[in-house]
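Please read it alongside the structure shown below.

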Amino acid sequence: MRPSPEGGCANCVEQALVASARAGSTAAFSALVQRHQQAVRAFARRLGGDLVEADDLAQEAFVTAWSHLNRFDGRASFRAWLCGVVYRKALTARRGAIRGMGRDGAYAGSRDWGVRATEPAAKTALRRAMSALPVDQRAAVALCLAGDFSHAEAADALNLPLGTVKSHVNRGRAKLLELMGGADV
Amino acid sequence: MSESEPSGVGGLDLAVLFAEDIPPAHDTEFVAAVVRRAGRQRLAFELMWSGLVAALSALVLWSIGPVLGPVIKPFAGLAAVFAPIGLLVAAVLFMVHPRTAPI
């Protein structure tokens, strides 16, 4: 899963959707959520916490993104910007432990969240190893190793220098290797 | 946008393990929940803002009331006409404004 820069036309559609959502269109905002929910939720899940918390974090990030769309300057991809919002929300939540205040009860109650009870041992080991990483390292690993972000895109999302992201990814991989055992492949 | 990262660690392919975390590409339930949440937050903000404006307007009217009283008294009967018109205009604006229009 390598980075796939959006093609010209897809980018145009996205820019049009961002402009409409910025003007207040709920339909355009919904379309943007639909386009990016997979990447944003996957990133939130890899940052830690349970599935309910991860989806809650992703929802909060989308809502915040909508009200702060004027801050999206288009230099980074919209996906990277959204993941940056998720990352900053996660950092704030760690400090304040205020998660769940605006949780959508109807949504949380309607889903089957029991997936992790039956996860394989390797997955549990990976989750433990990931939670042992510092949060910025975990975020870089989640974007570049587990996700399909390039180093540059991850640097945009996390607002970190490119070299720092590369270092985080390398050290994160080494730490995962150490914690999970075995040789690098 | 091009540096690639090997995802293998310790004989395990991280991409495969992490793939279990990937939600479905289309999840209308999640999108609906986000829109509901955004709508609630926006409504709360609008109510707070409207309340603030109403309170400030009341304060201004209260402070200049004694001066305006004699001037507007002859037009008091027009309130019955303009109040429904004002409500109608507000309702139309609410329906057509992109922030509040039905999807």
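A residue is buried if 20 or more other C-beta atoms, placed from the backbone, lie within 10 Å of its own, exposed if 12 or fewer do, and partly exposed in between. By that count, 39% of the 185 residues of chain A are buried. The model is predicted: local features need pLDDT of at least 70, side-chain atom pairs count only at pLDDT 80 or more, and totals for chains, interfaces and linings use all residues. Residues are numbered from 1 along each chain as its sequence is written, and chains are lettered from A in the order in which they are written.

**Fold**
- Chain A has nine helices and zero strands, taken as DSSP runs (helices H or I, at least four residues; strands E, at least two) numbered from the N terminus.
- Among contacts in chain A between residues at least 6 apart in sequence, 68% join residues at least 24 apart; a contact requires C-beta atoms, placed from the backbone, within 7 Å.

**Core**
- A:Phe43, A:Val86 and A:Leu143 touch the most other members of the largest nonpolar core, which has 56 residues; such a core is a set of buried Ala, Val, Leu, Ile, Met, Phe, Trp, Tyr and Cys residues joined through C-beta atoms within 7 Å.
- Not counting residues up to four places away in sequence, A:Phe43 touches A:Cys83, A:Val86, A:Ala142, A:Leu143 and A:Gly147.

**Helix pair**
- Helices H6 (residues 121-132) and H9 (residues 162-180) of chain A pack at an angle of about 130°, with their axes 9 Å apart; axes are lines fitted to C-alpha atoms over the stretch in contact, and angles run from 0 to 180 degrees between N-to-C directions.
- The contact is made by A:Ala125, A:Leu126, A:Ala129 and A:Ala132 of H6(A) with A:Leu176, A:Leu179 and A:Met180 of H9(A).

How values were computed
Contact = placed C-beta atoms within 7 Å.
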